[in-house]
Amino acid sequence: MTTVPEPTTRPAASTGLVRSVLTSPRGAIVVAFLALLILACALAPLIAPYDPLAQHLSAVRSGPSGSYWLGTDSLGRDLLSRVLHGGRSSLFGVLEAVLALVIVAVPCGLFAGYLGGTVDRITMRVAEMVMSVPVIIILLAVLSIFDHSMTSAMIAFGVLGSAGLMRVVRGAALAAREELYVTAAELMGLSLLQVVTRHVLPRCRGVMIVQVSLFAAVALGVQTGLTFLSLGPPPPAPTWGGMVADAASVFNQDAWMLVPPGVTIALAVLAFGVLGDVVRDVNAEQHAAAPASRRRRGTDAPPGPGPVEPALSGDLLLSVRNLSVTADGEHPLTLLDDVGFDIAAGETVGLVGESGSGKTMTARAVMGLLPRNCRIASGQVVFDGRPIQGLDRRAFRELRGRRIAMISQEPMAALDPSFRIGSLVAEVVRAVDGSTGKVARARVMELLRMVEIPDPDAVARRFPHQISGGMAQRVAIAMALAGRPELLIADEPTTALDVTVQAEILDLLRSLQRENHMAILLVTHNWGVVADMCTKVVVMYAGQVVETACVDDVFDTPAHPYTRALLRSSPNNTPPGERIRAIPGTVPSPQDWPSGCRFASRCDLARPECGQEPIAVERISTGRVSRCIRVDALLETEVSRP
Amino acid sequence: MVKLLAHRIALSIPLVLLVSMVVFALESLVPGDPARTVLGQSATPENIAALHQQMGLDQPWIERYWNWLSGLFHGDLGTSVFTGDDVVTELNTRLGVTVSLVLCCVIVSAVAGLALGLFSAVRGGPAARVVDVLSLAGLALPNFWVAIVLVALFAVKIRLFPAIGYVEFAESPGHWVRSLVLPVIALSLFGVTAVAKQTRDSVLDVLDTDYVRVLRGNGVSESRIVLKHVLRNAAIPVVTVLGVVAVSMLGGTVFVEGVFVLPGLGTLATQATMDHDLPVILGIGVYFTVVVIIINLLVDLAYGVLNPKVRAS
């Protein structure tokens, strides 16, 4: 062992969590309220205006007034003083329960998770058992045995409630055990106890606070419930639950008395509950990847309608013009910017680019299936002469399935896991043909045979998890073909499949396309698939189309540095034995898009002027456009290339 | 099914044994005379001696425990130290009330919670905020307080429902329903909101899945997607929450039954605690445990029906 990793590097210092909670508005309010409540109750003997037991018979059941801020009860006792004094026993009860909870759950959870094996199995089995105890009955038994001692009841409640916290702590300890710095600490010879308290415990802190504050909310509910049943301190001692019971006996004459104890209990329970939520949110944020700098920036004004080539051949089926898509929210973002291309009937167009370039978003915009917070901000998607924006649901349904259909990347995720294959395909058949029963069933079998599934009857009876990925993609294609669509949108249809299965699925798509004269928009990042299937290529980068060309031109003379870089980085174009020439850097996220050329930072032809202003698309020849002001230099180097 | 049942019972038998043993052990450890605690300070020595005899306090606790346990296997839970009634008979007459109450609450929680959660997930906006506010109220307001407010509003101010009392279903179904409306609302408020919140979260998750997108993309109507595919898949986590809610409502009967003077196990449990009547409390504990086992078993079964992967394995 030559090097030992530095064992002191631990994630998220404890001050970070506390500060994040206190700086969030909800967290600040809740913590301030709880602090105030606890302080006021603790100081009740000093600050309460009256003795909680003193009866003011001249002011019985008076509503709120100058001398009795919250009014008085039926014996003329001041309600504010009783709330403050009553809080002492309620909050103290919660403290007792929480202490019992922590003392039992934390060590058990830590050692079960950290040691694993038999200790873990036994602990978890006991925890599982305890979780099905009728807790309230045990509390009543305890109260009965210990002569209405609230302390024993609350301690019992803490012990019985420990299973939940124990599980959470165990999970965190289990995860911590795998961490490098914990292993390192072990190697350095720290004792078990030291490792656990110094390295494992701090990791569990966030989840522990969440569990403890949610438990405190429940414990307060139980404590007030038991005092409501007068199972706690005997009257006339003030308790919150007891005050509700007092009010219950006279609500015919005075309903107001219900309000002070009820609202106090509700607010206190709520405060504990919300505190748990806030800590959970903060914790989740801290554990998520460090968020990128969130610059708020306006969308670049699209540089006017750029030239878009008319389709190469045949009648125009789909035409996307200057399409911009934005995500609404706290920081509105432009996700697609001035996207345009055409698809003719029967044609296959490849949509190419790295992850994050906007291919899938474009495909979803065409289907009208943008994510919840996204919308088409400008531009048009025209299908068969009709713009699809502004179509109502019904009109969209006329289109989807019958004229445009889709298959997606993960064939397994594309099939509803709760239904059999036959019923899923029949669902789409029903939607597009309106047929049911025998007719629908016959069509389902026809479709399954069409996608060359060997034993359609048997497959129809299976659930999605019972078939292979390749088979699932065939089923997904069968569903897409049910409505005999004119355009199929295939979002990386083979990426998730084995190489041999990929070839089969591509063959199937090609033959189906020929038979049905169907156009395909093929989203992919595989140039082999493009060469195999497509007539035309649309290259996207950072939400923009950077090049459109027919497939032969793209491979011979790419007209955008990004296209060239993508082609060079393709495994198909890498000579055997050489490293893949990956493009340095990554696609910038939408919030980091520069105002000039978005590829400039990764481009070897970039000049200062590339970064100055938005680059417009230029038509370079028939059927070709490029979004590059250095296209001449690029084509020169291509020509002079050996 | 048999395997599930066996697993649940295997888990619960040691539990009942352990918990009851602890109760007997604790009772013997507590200083003072349990018989005097039951009878109060004014009891005569003869009375105390008689109760000693009845409670078997002359024997060591382990022997008393053994007697109780062998009784349990013969369906005998002893007699109440306070009234001298047979515990099993007493509990059986009251079981119907509590089961009716909890069953109605589970149904209301499931139906109202699913509807509310589904509506707020599909509609979003204001509907979602209403569910948020409601779920805060459901979490925060203690059920016994809600119960009193409901009585004040809908039984006293507007005389819509009876304030107290219970009518057997066999006697008059209409009155049975009327006697249960307010208790069910008070007790299921928490359940409705918990189910609604879980439904909304899981419906939003399912709406964002690939398979819903594919169904939409291939022309299946929105109503069929939501009512068939989304509901079915979202129901799986909801069932788990419903089980937790059912168990917590069973405990909640202890607080709520008393307000409406329903003659169920909850009021009996409160009374028995006041009277230090351990045989009755232990008996209720056994009954509640059985109900909890049944609830967990039903959840497991529903899980199997809803999730084909569980069914297959």
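Let me start with burial: of the 642 residues in chain A, 46% are buried. For chain B, which has 313 residues, the buried share is 43%.

First, the two chains in outline. Chain A contains 23 helices and twelve strands. Chain B has 13 helices and zero strands, so read along its sequence the pattern is α-α-α-α-α-α-α-α-α-α-α-α-α. The C-alpha trace of chain A spans about 100 × 70 × 60 Å along its principal axes. For chain B the corresponding spans are about 85 × 55 × 35 Å.

How does the radius of gyration of chain A stand against that of a compact globule of 642 residues? The globule would be near 26 Å, whereas chain A has 34 Å.

In chain B, the figure is 72%.

Next, confidence. The average pLDDT of chain A is 84, and 92% of its residues score at least 70. Residues 1-13 of chain A have pLDDT below 50, and this stretch makes 17 contacts in the model beyond near neighbours in sequence. Another stretch of chain A, residues 289-313, also stays under 50. There the model has 43 contacts beyond four places in sequence. Where pLDDT is low, the predicted coordinates should not be read in detail.

Now the core. The largest nonpolar core has 268 residues. Which residues have the most contacts inside it? They are A:Leu139, A:Ala219 and A:Val425. Take A:Ala219 as an example. Setting aside neighbours within four places in sequence, A:Ala219 is in contact with A:Val94, A:Ala97, A:Val98, A:Met154 and A:Phe157.

Is A:Glu330 buried or exposed? It counts as exposed, because it has 6 C-beta neighbours inside 10 Å, and the cut-off for exposed is 12 or fewer. A:Glu330 and A:Val425 are 95 residues apart along the chain, and their C-alpha atoms are separated by 40 Å.

On to the contact between the chains. Chain A puts 62 residues into the contact and chain B puts 57. On the side of chain B that touches chain A, several helices each supply at least two residues, including α1 (2-29), α6 (126-140), α7 (143-157) and α10 (222-260). Which helix gives the most to that side? It is α12(B), with ten residues. By class, the chain B side has 33 nonpolar, 17 polar and seven charged residues.

One helix of chain B is worth a separate word, and that is α11(B). Among the helices that supply at least two residues to the side touching chain A is α11 (265-274) of chain B. Eight of the ten residues of α11(B) are buried, so the helix is mostly covered. Among the buried ones are B:Leu265, B:Gly266, B:Leu268 and B:Ala272. What do the buried residues of α11(B) pack against? Their partners are α6 (135-145) of chain A, together with α5 (87-123), α10 and α12 of chain B.

The loop between α10 and α11 of chain B holds B:Val261. B:Val261 is not a glycine, yet it has a positive phi of about 50°. B:Val261 counts as partly exposed because it has 13 C-beta neighbours inside 10 Å. Just after α11(B) comes B:His276, with a positive phi of about 55°.

Chain A has some backbone details as well. A:Asp147 is in the loop between α6 and α7 (150-160) of chain A. Its phi is near 50°, a positive value in a residue other than glycine. A:Asp147 counts as exposed, because it has 12 C-beta neighbours inside 10 Å.

Last, a cis peptide bond. Which two residues of chain A does it join? They are A:Pro235 and A:Pro236, and omega is about 10°. A:Pro236 is in the loop between α10 (192-228) and α11 (240-250) of chain A.

That is the end of the tour.

Conventions: Residues numbered from 1 in each chain as written. Chains lettered and ligands numbered in written order. Predicted model: local features only at pLDDT ≥ 70, side-chain atom pairs only at ≥ 80, totals over all residues. Core = buried A, V, L, I, M, F, W, Y, C linked by C-beta atoms within 7 Å. Buried ≥ 20, exposed ≤ 12 C-beta atoms within 10 Å, placed from the backbone. Contact = placed C-beta atoms within 7 Å. Helix = DSSP H or I, 4+ residues; strand = E, 2+ residues; numbered from the N terminus. Nonpolar A, V, L, I, M, F, W, Y, C, P; charged D, E, K, R; others polar. Rg over C-alpha atoms; globule rule 2.2 N^0.38 Å. pLDDT = per-residue confidence, 0-100.
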